[in-house]
Amino acid sequence: MKRFIFSTLLLLLCVAYGHAQQKVYIHLNDSTIALYVWQIDSITFTEDEPLTPPSKAEQVDLGLSVKWANFNLGAETESGVGYLVGWGDITGRNHSSNKKYFPVEKPTGHIVADKFDIAKKMWGDLWRLPTQDEIQELIDSCDWVWETVDGVGGYRVTGKAEGTGNIFLPVTGQRYEETISEEGLGYYWSGMLNTENIDEAIALNLSDTEKKVLALQRYLGLAIRPVYGDYIIPVSIKLNEATDINYTNVVVSGTFEGDYQYATSYGVLYGKTVEELDIEGSSKKETEGAPTSKTFSYELKFLEEAATYYYVAYAKVNDSYVYSDTLTFTLLSHFPVAEYVDLGLSVKWASWNMGASSDEEVGGYYGWGDATGTLKSRYNNEYAVGNTKTDIAGTKYDLAHVKWGGKWRMPTQAEFEELMQCTWKFTSNYKGTGIKGYIISGKPGSGMENNSIFMPRAGVQTYNGVSQYYNTDADYWTSECQSDNVKAYFVTLVTGPNVQKHTSDKNQQVPIRPVYAEATSGGSGGDTPGGDTPGTGGDTPGGDTPGTGGGDNPGDQTITVGKAVDLGLSVKWADMNVGAKTSTDYGYYYAWGETEPKDSYTFDNYQYKIDGATDYNVQESYMEIGTDIKNTNYDVAHVKWGGKWRMPTEKEIFELINNCTWTWEDGGYRVTATNGKSIFLPATGYYNGSSLYFDYTQARYWSSDVNVYKDSYHAWARAISLVKSTDSHFMGSYVRTLGCAIRPVQDK
């Protein structure tokens with residue numbers, strides 16, 4: 001027995017009040033005791049003598065979610081009443097009718113498996129009070145027969161499943177202070193507070209004619225019939241799409257459901273891969289303590305520009321974690337990657353300047369050799385520091401290469417001069433923007449005559465931001481400099497067509513128009529490899545015969561329905577593509593939302609293009625067919641294969657990416673689940689126009705989801721992209737008009 005003697009209290013009372021002969025008043029439930037301070041020798045507080053440790057029951061399996069004790073807490077036999085205790089009283093001795101002792105004046109929630117659970121305190125292990133749902137499960141899922149055991153009435157409760165046991169629940173009456181009443185009835189506490197009236201808690205009530213759940217005053221003494229099993233607090237989290245996205249910051253938010261007040265901490269994990277979402281990692285925002293509101297919000301700062309991040313919300317409950325679904329966001333970029341356009345020359349040209357996001361913008365102004373795009377120094381020696389070459393194309397000093405990656409780089413003087421082989425047209429009001437410049441169309445006789453780029457007269461700026469020659473000169477840096485590494489070459493495009501070459505100090509701020517350094521393929525535009533930017537052209541085709549595999553495209557259109565493979569995920573995946581004959585065949589190619597293959601995949605022949613539309617990259621150019629087309633007439637898997645077959649959602653593809661092992665085999669990826677089963681995704685490439693690109697080394701498979709990142713991006717749809725060279729498989733957004741493969745799924 002612990003004893004705490006507070007003699008100091010007496011001393012303090014004497015010092016503070018001794019001269020005034022103050023009294024000490026002790027207020028009892030029904031009276032008050034008044035004593036002078038000098039009458040008190042000492043004050044001693046002691047814990048009450050504990051109850052005799054009760055016998056521990058056996059666990060009885062009734063075929064339910066938890067096992068039930070075979071007798072009441074404090075009893076020795078199945079007919080014994082045991083303790084009659086107030087809700088939340090772990091001493092078992094409190095007979096007060098003051099609800100502040102059961103366990104506090106204003107409880108904040110349930111007491112199942114916490115410090116006020118008398119069953120857990122006295123029997124330990126996984127013993128605890130039952131929840132309301134577990135009591136209701138006992139009522140609904142067992143057979144109840146009234147009988148008498150040792151002269152005590154009650155219910156024999158038997159599990160319905162074969163081989164399950166039974167328990168006896170005796171009538172117990174209830175205690176109010178020292179009086180026991182209603183002995184012909186049974187009352188058993190749950191651990192659940194009545195959240196509609198916190199003066200009450202939930203209990204089981206038995207009579208010889210009924211059994212029901214009801215709410216009773218917390219100070220009443222009722223019997224306890226413990227259960228055995230883990231208590232999983234019903235908490236769930238809904239994570240919202242990220243908002244307020246800019247270049248380095250984003251706001252993520254969500255909503256708690258259920259008994260979130262039992263959480264001891266909560267927060268958000270984020271990283272550039274799913275594997276980084278580790279509760280022990282440092283990339284997280286966390287709040288200690290229980291949530292004070294159903295909603296939460298965090299601003300994530302200092303993130304990587306233009307990067308895509310995964311994020312998931314969590315809450316810690318009972319030493320375990322509850323997680324939301326995992327979502328993604330992509331930060332804005334100061335340097336959005338352009339499409340590349342084939343003009344029939346030695347390189348393909350970007351459709352807009354560095355720092356622009358469309359060809360209607362002039363973009364930024366940069367010092368030569370500044371790979372950050374932010375340097376505004378007057379000193380030449382602070383640009384391209386350490387460079388010893390006269391051509392920085394594709395190096396760490398090349399802004400286009402550093403920011404756009406891949407085969408993007410700054411153009412040489414010769415590549416600018418090559419533009420003179422094309423057809424130039426001057427405009428004084430490009431697309432109604434008031435910007436002057438040159439529309440440069442493909443080289444005559446190259447087959448690229450219908451492709452074009454716009455080169456604005458953006459002028460230049462000084463290092464301190466003073467604009468010069470705007471709408472007068474079309475000036476652009478080249479990748480080349482003089483041997484002294486002090487002055488670099490830029491060009492001025494003039495009517496003629498003509499390309500004039502000049503030199504300038506490196507601190508001059510001049511526009512940059514990147515090129516994609518790969519030989520032309522005779523395609524009709526381009527797409528940015530390895531990224532999310534939709535394209536209108538292509539890269540080197542994989543061969544002369546498109547659609548090698550399950551039938552040419554769109555030749556033999558006999559449809560073979562695949563088999564469903566259970567990878568242990570939320571859906572079953574088909575073992576072959578739509579239009580394929582075997583798992584290694586490519587199958588047919590479809591524009592997003594179309595259900596027939598065709599000879600060419602262009603914006604002009606896209607089935608859902610609005611008549612008269614001219615811009616493939618805006619939502620307004622397309623008929624609205626839904627943001628998720630699964631199981632609709634626009635779902636080619638559903639239309640061609642029927643039954644439960646449909647296109648996969650973006651979420652289901654993410655599930656495939658994150659929960660399976662991806663291994664490159666000859667011509668595609670083997671995707672293996674943890675249960676050992678697998679499917680093969682051939683590297684089908686994709687169609688743009690009438691050309692097939694990257695077959696055997698890349699693939700794109702449509703999902704059923706449109707891109708909903710921004711309204712204008714409804715011109716794009718989501719697809720998984722497979723790339724052999726980087727051993728990567730990721731979700732991207734691509735213009736709907738491309739011809740991509742389809743791998744169906746089937747709901748379980």
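Modeller: Two strands pair if DSSP finds at least two bridges between them. Helices (H or I, at least four residues) and strands (E, at least two) are DSSP runs, numbered from the N terminus. This is a predicted model, in which local features need pLDDT of at least 70, side-chain atom pairs count only at pLDDT 80 or more, and totals for chains, interfaces and linings use all residues. Residues are numbered from 1 along each chain as its sequence is written, and side-chain values use heavy atoms, with hydrogens and water left out.

The sheet is open and has three strands, in the order β13-β14-β15, with antiparallel pairing. Its edges are β13 (186-193) and β15 (211-217); each has a single partner strand, so one side of each is left without a neighbour in the sheet. On average, neighbouring strands here are turned by 35° against each other, direction ignored. Axes are lines fitted to C-alpha atoms, for helices over the stretch in contact, and angles run from 0 to 180 degrees between N-to-C directions.

Between β13 and β14 (residues 200-206) there are five bridges, in the antiparallel sense. Within this part, Y187 stands opposite N205 of β14. In a regular strand the side chains alternate between the two faces of the sheet.

Helix α3 (residues 132-141) lies across β13, β14 and β15. Contact here means heavy atoms within 4.5 Å.
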